[in-house]
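Here is a short report on one protein chain. Keep the sequence and the 3D view open while reading.

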Amino acid sequence: TLLEHPYGRVGCDAPKSLVASALRDAASAAADGSGVDFVLIVGDFARHGVDRLGAADGTADPVEIAGSIFSYCVDTIRSNFPDVPIIPVIGNNDVVPDYYLDTLVGDGNITGSIISNLATSGLGDALSAEEAATFAHGGYFSRVVGTDGSGPSPTSVLFLSLNT
């Protein structure tokens, strides 16, 4: 249980307390002046089997659960790194059902699809309006992120976020 293992257990998905603690510590470590140019989320925001939550009794909508997990992660990252670009990549567990990316709803329109809902609400301000529009068509977008230019790193990086 969470009382016995507040930061999770081996073989289980990370609880909110672990995510919050890890991000607080990362922000604290970055406060030494090294700076953070961007936060890259490499997919699988959502827990394994989110598509099966509430399935037996129909009490929970797995799409809403996935969206709330995305929102929590983005909001927690944003609170620890307020002015840092967030670059999300969706993983196989972030779509409902797992491993299936449905970009259309029954009428052939993307509005209201799972991926469209994640782009417009679940990811909050992590995506610009243009990126969200592209993301809604298939879970991908591109972004150029500038760095502070110090050290051997380039002054900008192109990210292409794909779920393949």
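Does Ser21 count as buried or exposed? Ser21 counts as buried, at 15% relative accessibility. Buried means under 20% relative accessible area, exposed means over 50%, and partly exposed lies in between (1.4 Å probe, protein chains only). The place of Ser21 is in helix 1. Tyr7 is 14 residues from Ser21 in sequence, and their C-alpha atoms are 8.5 Å apart in space.

**Basis of the model**

This is a predicted model: local features need pLDDT of at least 70, side-chain atom pairs count only at pLDDT 80 or more, and totals for chains, interfaces and linings use all residues. Residues are numbered from 1 along each chain as its sequence is written, and side-chain values use heavy atoms, with hydrogens and water left out.

**The chain as a whole**

The protein chain holds four helices and four strands. Read from the N terminus, its elements follow the order α-β-α-β-α-α-β-β. Helices (H or I, at least four residues) and strands (E, at least two) are DSSP runs, numbered from the N terminus.

The protein chain has 164 residues, and 36% of them count as buried. Take the contacts between residues at least 6 apart in sequence: 55% join residues at least 24 apart. Contact means heavy atoms within 4.5 Å.

**Helix 1 against helix 2**

Two packed helices are described by the angle between their axes and the distance between the axes. Helix 1 covers residues 16-30 and helix 2 covers residues 62-80. They pack at an angle of about 25 degrees, and their axes are 9 Å apart. Axes are lines fitted to C-alpha atoms, for helices over the stretch in contact, and angles run from 0 to 180 degrees between N-to-C directions. Helix 1 and helix 2 are therefore roughly parallel to each other (angles under 35 degrees).

On the helix 1 side, the contact is made by Lys16, Val19, Ala20, Leu23, Arg24 and Ala27. Helix 2 contributes Tyr72, Thr76, Ile77 and Asn80. By class, this contact has six nonpolar, two polar and two charged residues. Ala, Val, Leu, Ile, Met, Phe, Trp, Tyr, Cys and Pro count as nonpolar, Asp, Glu, Lys and Arg as charged, and the others, Gly among them, as polar.

**Pairs apart in sequence**

| Pair | Separation in sequence | C-alpha separation |
|---|---|---|
| Gly8 and Leu18 | ten residues | 7.0 Å |
| His137 and Ser116 | 21 residues | 7.2 Å |
| Leu40 and Pro88 | 48 residues | 6.1 Å |

Gly8 lies in the segment before helix 1. Gly8 is partly exposed, with a relative accessible area of 28%. His137 sits in the loop between helix 4 (129-135) and strand 3 (141-146). His137 counts as partly exposed at 49% relative accessibility.

Leu40 has its place in strand 1. At 39% relative accessibility, Leu40 counts as partly exposed. Setting aside neighbours within four places in sequence, Leu40 is in contact with Ile87, Val89 and Phe159.

Asp44 lies in the loop between strand 1 (39-41) and helix 2. Asp44 counts as partly exposed, at 33% relative accessibility. Most residues other than glycine have a negative phi. Asp44 is not a glycine, yet its phi is positive, at about 60 degrees.

Methods
Parallel < 35°, antiparallel > 145°, perpendicular 65-115°, else oblique.
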